[in-house]
Amino acid sequence: MDGEKTVGESADNGDQVLEADEVKSGDNVDNANETISHDLTTAGNGDSVEQGEEYNVNNESVGEDDGKGVNGGQTDNNAQLEVPKSIPDAKENNAENNSDNASSHEGSNESTSPIKSTSPKKAKRRAIFVSYAPEASFIEKRFISYTIKELKNIGFCDDIWFDKDDGVPMESPFCFQHRLEIAEKCRASIMFLSESYFNSRVCRHEGRILLNRDEESESANADNNEEVEKPVKLFCMKYSLGKLPQEYKQLEDRVLDLSHHVASSVAELSSVVVGAFSEALEKYAPLYGLRIPSPPSEPNNLKLDRQKPASSWNVPDVQAWLTSLKMQAHCALSFEENEIDGYLLVSMSETDMESHLNVDSRVARRKLVQQVKKIQEDQALLKESWYLKCKKSKVKDDSVYVICDPNDVRFYQNLQVDLAQKNLQVFKHERLGQSREEFLQLNSAHLAACSHVIVLLSTGAATSLFVYNEILFADWLGKPFVVAMAVNSWDKLRPSMQAILGSCPAVNFESNPYEDSIDILLYHLKPFRNMPAVILEQDFLDRMVEGLKPLRVLAAVPDKSRVDEEELSPRPNLFLSYHWDVQNKVQVLVQYLESNGYQCWTDVSNANKRHATSHSPNHETSQNQIQRNIKAATAVVCCVTPKYICSENCTKDLSLAESMNKPIVPVMLQWLAWPPEGGRVRRILAPLQCIDMSNESLFRRNLSTVESHLKKFVGKHSPRDTHVIEHVRITKNPRLVHQKPQQKV
């Protein structure tokens with residue numbers, strides 16, 4: 001350090017620096033034991049809206065601005081997520097005072113409780129993240145633990161975040177989530193690269209997050225016009241032999257290679273790391289040297305808490321466990337001298353005991369390994385370990401779990417109907433609970449049993465706390481993802497979600513026709529296998545393969561056809577959905593609306609091609625135009641007739657408009673009982689008021705009524721507006737005027 005500083009001055013300066021470097025709360029969730037805000041829902045226009053939600057790791061409470069209580073058995077039929085009131089201010093102040101008191105007496109208490117939960121203020125200050133593989137071998141984890149201990153002993157004890165010392169069970173999904181969140185906002189990271197690191201699920205995600213934030217990478221400063229995440233300094237060491245994978249090539253010139261020191265002891269390897277990194281680490285440790293941890297004192301009585309997760313045991317806990325097994329004194333002494341705690345114990349094998357702990361008795365080694373396995377199995381049966389039961393749940397082949405934002409419930413309902421037709425069971429969250437853990441526990445049964453997880457990506461889903469928690473829990477369970485991209489909101493995803501979903505297959509529902517996208521999704525979930533009698537056309541197979549791309553690739557590709565279309569024509573105010581048996585009336589209605597300044601779009605010039613085969617050159621263009629213009633329209637005029645109700649294509653138009661939350665104005669051009677029969681159509685149209693234009697007299701009389709209804713949704717344009725979509729001006733196209741009407745089937 002450059003100059004001498006007092007404790008008070010250092011703490012103040014460190015806090016100021018850390019506050020200046022905090023990650024933006026709108027992008028990342030600070031889950032390090034402190035209350036923060038999230039975006040739960042989105043406004044009707046697609047922009048994110050702050051809902052005043054609170055998220056606290058210790059209490060795990062979720063709050064919303066309405067403050068209504070939630071029953072654990074409540075269902076989400078209306079897709080309104082209600083959450084309990086936040087904790088009263090008095091309790092928050094009391095908890096904060098207790099945290100301050102705990103911090104002030106930290107030095108005296110550390111000897112009796114070396115492993116404890118981190119207080120919110122301490123967790124906020126920690127700037128150095130330890131990234132390593134939880135699945136690493138005993139000798140590798142022993143090296144990692146010893147190295148971090150040495151770094152803490154020289155003054156980094158309040159700056160390093162190591163999940164081993166966090167107090168959260170390392171086998172839980174909450175530790176998995178916490179690691180990714182710390183990787184999003186740390187200032188520096190110590191990366192222990194090895195073969196187990198590259199094969200670890202959580203390390204793959206951490207690696208992507210950290211590499212994207214690497215301050216020395218060329219890509220971090222490639223585009224000065226785009227805002228990038230706060231850069232992080234990476235201190236990397238390679239523990240095992242072999243070359244770095246391709247995605248880690250940017251670290252090749254600055255990685256500390258320890259693979260040629262394999263014959264060295266753990267202490268020697270640790271001294272190499274400490275000597276190489278300690279001086280540079282001081283720049284990222286604002287609390288460096290303020291406190292040196294005191295050596296733990298031996299407790300008076302060894303007492304084992306069997307409810308405590310074995311991976312969280314400290315050295316006295318392991319000694320108490322060995323005493324309960326009546327192991328020989330030299331065995332317990334060897335464990336104590338090598339500082340074997342639960343973190344090392346659960347990864348230990350018989351060979352490790354013989355080679356590194358000098359446990360010569362084969363019977364003793366086998367007994368210890370069996371007892372470790374037994375106590376882990378017993379703890380997995382505890383109520384608090386419900387997530388371990390989920391990991392062992394039997395998977396149902398035809399079960400699908402959909403993770404979606406509450407505002408996307410209409411899209412989910414349409415998707416559920418289409419998936420159910422292929423004999424797939426579809427589930428989503430139903431009960432909410434009153435905390436993050438309870439929310440996941442109540443809905444974990446369906447999520448654990450599903451064979452695939454579909455993520456409906458929209459503007460609201462990108463910032464939804466519920467979507468975020470379910471995605472991380474599903475990934476911890478090892479579930480395969482497929483993304484249904486309704487809106488390209490990749491830039492709004494937080495780094496951990498980009499790391500998880502970036503390489504997952506995705507279907508573009510935003511630009512492609514709904515029926516084509518759903519076919520691709522269904523083929524991915526349930527391909528035509530074991531059906532030798534079915535010969536699939538190569539065009540179909542090519543479309544299925546090309547329709548699935550990694551989300552990172554799909555989100556980066558601009559929709560050129562959409563851009564061209566928007567440049568050539570303005571956004572239509574209205575989309576007219578109709579059946580061809582009333583084409584003449586529709587033409588008159590279009591002329592009347594356009595004469596009053598409205599812009600309209602209808603597929604009148606391409607309706608006869610809607611059932612063309614997939615290899616038809618006009619098929620994709622027609623379907624793309626329909627979907628894009630429904631999406632661009634401010635309102636949809638539904639021209640209802642008996643044949644319209646029975647038409648599959650017309651029903652799809654109506655369902656698509658509903659899924660996009662478009663206002664629907666039903667116009668009855670042929671008489672029928674209202675609301676009309678039919679499952680999906682009746683559900684959509686029943687709540688709406690229909691304008692009767694079923695005969696000539698009512699048709700002419702109610703033209704003005706249609707216009708008055710549309711004024712509620714559509715901004716009126718001047719009839720002299722030159723920006724009009726020419727292909728809907730039917731009267732100006734003589735080829736369409738004399739064309740014989742054809743039936744929509």
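This is a predicted model: local features need pLDDT of at least 70, side-chain atom pairs count only at pLDDT 80 or more; totals for chains, interfaces and linings use all residues.
Strand β12 spans residues 452–457. Of its 6 residues, 6 are buried, so the strand is largely enclosed by the rest of the structure. H452, I454 and L456 point one way. V453, V455 and L457 point the other way. Residues of both sets are buried.

Two strands pair with β12. One is β10, which covers residues 399–403. β10 and β12 run in the parallel sense and share 4 bridges. Within this pairing, V400 has H452 of β12 as its bridge partner. H452 is itself among the buried residues of β12. The other partner is β13, residues 481–485. Its pairing with β12 is again in the parallel sense, over 5 bridges. Here V455 is bridged to V483 of β13. V455 lies on the side of β12 that also carries V453 and L457.

A helix pair was examined next. Helix α6 comprises residues 173–185, and helix α8 comprises residues 201–213. Their axes lie 9 Å apart and meet at an angle of about 10°. This angle is under 35 degrees, so α6 is roughly parallel to α8. On the α6 side, the contact is formed by F176, R179, L180, A183, E184 and K185. On the α8 side, V202, C203, H205, E206, I209, L210 and R213 take part. By class, the contact contains 7 nonpolar, 1 polar and 5 charged residues.

Terms used:
Residues are numbered from 1 along each chain as its sequence is written. Side-chain values use heavy atoms; hydrogens and water are left out. Buried means under 20% relative accessible area, exposed over 50%, partly exposed in between (1.4 Å probe, protein chains only). Two strands pair if DSSP finds at least two bridges between them. Axes are lines fitted to C-alpha atoms, for helices over the stretch in contact, and angles run from 0 to 180 degrees between N-to-C directions. Angles under 35 degrees count as roughly parallel, over 145 as roughly antiparallel, 65 to 115 as roughly perpendicular and the rest as oblique. Contact means heavy atoms within 4.5 Å. Ala, Val, Leu, Ile, Met, Phe, Trp, Tyr, Cys and Pro count as nonpolar, Asp, Glu, Lys and Arg as charged, and the others, Gly among them, as polar.
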